[in-house]
There are 2 protein chains.
Amino acid sequence: MTTLDSLHEALNNGIKAEINNIINELHPSEIADVLESLPIKQRFELWQLKNIDPGDILPHISENVRLELMLNMPIANITVAAENMAIDDAVDILQNLPDEIVEKVLQAMNWRHRQRLTQVLFYPKDSAGGLMNTDVLTVRMEMTLKMVSYYLRRLKQLPEKTDVLMVVDCNNCYRGMLSLLDILTNTPKFTVSQVMSSEIEPISAHLSAHDVAILFEQRDLLSAPVVDEQGYLMGRITVDDVVDVIRSEADHHLMGQAGLDGDDDMFAPILTTMKDRALWLGVNLATAFLAAYVIGLFSTTLEQMVALAILMPVVASMGGIAGSQTLTIVIRGMALNQISNTNIIWLLKKELAVGLLNGMIWAIVVALIAIVWFSNVKLGIIIGCALLINLSLAALSGVFIPFILRRLSIDPALAAGVTLTTITDIIGFGTLLGLATIFLL
Amino acid sequence: MTTLDSLHEALNNGIKAEINNIINELHPSEIADVLESLPIKQRFELWQLKNIDPGDILPHISENVRLELMLNMPIANITVAAENMAIDDAVDILQNLPDEIVEKVLQAMNWRHRQRLTQVLFYPKDSAGGLMNTDVLTVRMEMTLKMVSYYLRRLKQLPEKTDVLMVVDCNNCYRGMLSLLDILTNTPKFTVSQVMSSEIEPISAHLSAHDVAILFEQRDLLSAPVVDEQGYLMGRITVDDVVDVIRSEADHHLMGQAGLDGDDDMFAPILTTMKDRALWLGVNLATAFLAAYVIGLFSTTLEQMVALAILMPVVASMGGIAGSQTLTIVIRGMALNQISNTNIIWLLKKELAVGLLNGMIWAIVVALIAIVWFSNVKLGIIIGCALLINLSLAALSGVFIPFILRRLSIDPALAAGVTLTTITDIIGFGTLLGLATIFLL
């Protein structure tokens, strides 16, 4: 925290020498963090400094902030920055930009860079092809380890973080991986094909980033080859790219519940933030009025017994809480591919049983409190029944909503929570007031 | 999905040969997934099969399910499994168990294994020391690369996923890392100290797992050395362990909001699940009754104007939504160390401004709807004011609650949401009914 604090202070006081000193001591990713944690004005001030190298820092900045900074950069600077990055990083930052700017940047590049980038840009961002780095060292199966060692020593520049070489046949089709450790621990006379491991299956360039992440986690992979439909080696994915996928999926799930973008900029201008959030508030307002409409149907009942108005939020909110517990479990199970057609019925029965049991316990508690508070036994029984009904239906909704949304191609991370609380509110208010209308008046 | 489905079917029909066939084709991590996605009875059935090797599978199973399986294993089997795992995996599974069982397992081991395990078990689970693997290849600074190559070739068993060697001085103090690539691409005559990289600073064994994860993400590290206070090399952390930390933190944040444990077992017995969730429902019931109590203070007002009972959930729920947007942003910023003393005031002002602006917009919308619905201009103005007040205070609460909870050593991931909605409910109901009591009656 202290570095950030002292940098903020130096920026506030405009002490250039001090700012430069601090910046020079920081890793590019730390500078990226600092940029993200600054209000817009200071962010641009820092970004303009001479000892800030966009090529180093851009890959570390989160999407929204990066876009904002890059839209204010001249095309020539973006081009230089992109040329000096690893291919996968360059693709990452370009995929963010509007198409016409990407086109201009590609035109401004030398043809070699352009060719390599367009190859990857062809694949969607959230696919194995979009994640891969095409900068791969390949060797042939029939080479001896001695030849490989010689070849490695002759190369001047090696791709960063190379821990394995990719083995291909004469058609450039993937055949296996040769770890550097294998080269070092085996007799130099052996051929690559004798030593290489073909255990790790290549990943199709069209596999989704989500499935790539699951694969890496399950197999504890550090890197994996990517191939096209014909089996040609296209590139490789390293675990650090997968870490970014996992982090951004987690952010999406967490922030999505509040209707926010996973890459939201904490220090975006007030109007931008306001607009981003207004839509979600609008959606929720509509559902709140839907609930209010249901309450309104029973206005004569409410007039006759104000205790119902006092107690009705209890029934609605308990349903919302119980339902969101089920919902969270189900959405996570779906994300980890743990729910299938055969265990969904089992899960549904279980959640229903849990809902019923917890419903009974809390129905009794709430009923007793209501009886004591309002000295009305009938009211107590009715609120207990309403609670039991709401908790059971909340469990059902928690299981079904994510599946229905997915079938409708709506992202459950965004929409499941609000759909659930709409249902539990309406059922909560409706059953309590409905039962009261029938049995109390 | 099909493998899981066909395995479920084979288990349901008890076709042993079929089950064994499917199991033999799966990776240990996939078997772990299958175990997690099975109801208890079938889970134990599968676990008892002969071709299931606990040593391979246990490291991949989530904590709660693993504990349940291990508590039913004889000490001897746990010992064999732990001896056949990488040190960091063995520590992981032991840290889960009750102390007396760990003691028995350690006693049953050969002394070498015991010694290496106790060294790591000394550190808390969520620290760099708890994450590290002590199985490290070390070389001395003064060795030539040729000597290193010779040494590597002579070793029979090498630690898995070795991509770098650790360089130590004669006191076993960490001095740098030597990547296998450096050995292969440099002249064999060079000494280790000429080639090694000392860029990556060693991690203190006491650093928290959370900070280790941030460091790995920022620096795109694949592995890093761990040292004790004296600078002695203790072990190394590899990125696959960090992936687990990131995943479990994300789960904790997501599941914590619903009062669930990040490691919750979807297929736990009904009673276990019920008990786990009942506490959270109880906490929420208490807060719901607090809100009900506030409504109860205004029962005479409600009796005279039932429209207030209809509209009051709208004010409360909009406050909850707006507040949770701010809260989510702030908690995430805290987790990424992006909020410091110098930018918190800026952030507070911004969130307050967003709250006020969105408050005004939606206050007008809600006021208009109320005026049309109930043909009562005064009521419309009052609900608009209540909404504006609630959204502004919700923004304030969203910024302050996480800091106050952290100061009180309460986990914001668990408690912030429920604290916020309690406040927005009470303020929402209180201001609407309070203003109505003063100005409408």
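This is a predicted model: local features need pLDDT of at least 70, side-chain atom pairs count only at pLDDT 80 or more; totals for chains, interfaces and linings use all residues.
User: Let's begin with the overall layout. Which domains does the assignment give for chain A?

Analyst: Happy to start there. For chain A, the assignment gives domain 1 (2-124), domain 2 (138-256) and domain 3 (270-439). Between the C-alpha centres of domain 1 of chain A and domain 2 of chain A there is a distance of 28 Å.

User: Now helix packing. What describes two packed helices?

Analyst: The angle between their axes and the distance between the axes. Take helix α8 (residues 87-96) and helix α10 (residues 111-121), both of chain A: their axes are 10 Å apart and the packing angle is about 65°. Angles of 65 to 115 degrees count as roughly perpendicular, so that is how α8(A) stands to α10(A).

User: What is the handedness of that crossing, and which residues make the contact?

Analyst: The crossing of α8(A) past α10(A) is right-handed. On the α8(A) side, the contact is made by Ile87(A), Ala90(A), Val91(A), Leu94(A) and Gln95(A). From α10(A) come Arg116(A), Leu117(A), Val120(A) and Leu121(A). By class, the residues of this contact are seven nonpolar, one polar and one charged.

User: Could we try a pair in chain B? At what angle do α7 and α9 of chain B cross?

Analyst: Roughly 65°, with the axes of helix α7 (residues 75-83) and helix α9 (residues 99-108) of chain B coming within 9 Å. That angle makes α7(B) roughly perpendicular to α9(B). Their crossing is right-handed.

User: And which residues of α7(B) and α9(B) make the contact?

Analyst: Ile75(B), Ile78(B) and Thr79(B) belong to α7(B), while Ile101(B), Lys104(B), Val105(B) and Ala108(B) belong to α9(B). The classes here are five nonpolar, one polar and one charged.

User: On to sheets. How do strands of a sheet pair?

Analyst: They pair through backbone hydrogen bonds, in either a parallel or an antiparallel way. In chain B, three strands form an open sheet with the order β4-β5-β6, and its pairing is mixed.

User: Which strands stand at the edges of that sheet?

Analyst: Those are β4 (203-204) and β6 (233-238) of chain B. Each has a single partner strand, so one side of each is left without a neighbour in the sheet.

User: How many bridges join β5 of chain B to β6(B)?

Analyst: Five, and strand β5 (residues 223-227) of chain B runs antiparallel to β6(B).

How values were computed:
Residues are numbered from 1 along each chain as its sequence is written. Chains are lettered from A and ligands numbered from 1 in the order in which they are written. Side-chain values use heavy atoms; hydrogens and water are left out. Domain bounds come from an automatic or database domain assignment. Axes are lines fitted to C-alpha atoms, for helices over the stretch in contact, and angles run from 0 to 180 degrees between N-to-C directions. Helices (H or I, at least four residues) and strands (E, at least two) are DSSP runs, numbered from the N terminus. Angles under 35 degrees count as roughly parallel, over 145 as roughly antiparallel, 65 to 115 as roughly perpendicular and the rest as oblique. A crossing is left-handed if the near helix is turned anticlockwise from the far one by less than a right angle, and right-handed if clockwise. Contact means heavy atoms within 4.5 Å. Ala, Val, Leu, Ile, Met, Phe, Trp, Tyr, Cys and Pro count as nonpolar, Asp, Glu, Lys and Arg as charged, and the others, Gly among them, as polar. Two strands pair if DSSP finds at least two bridges between them.
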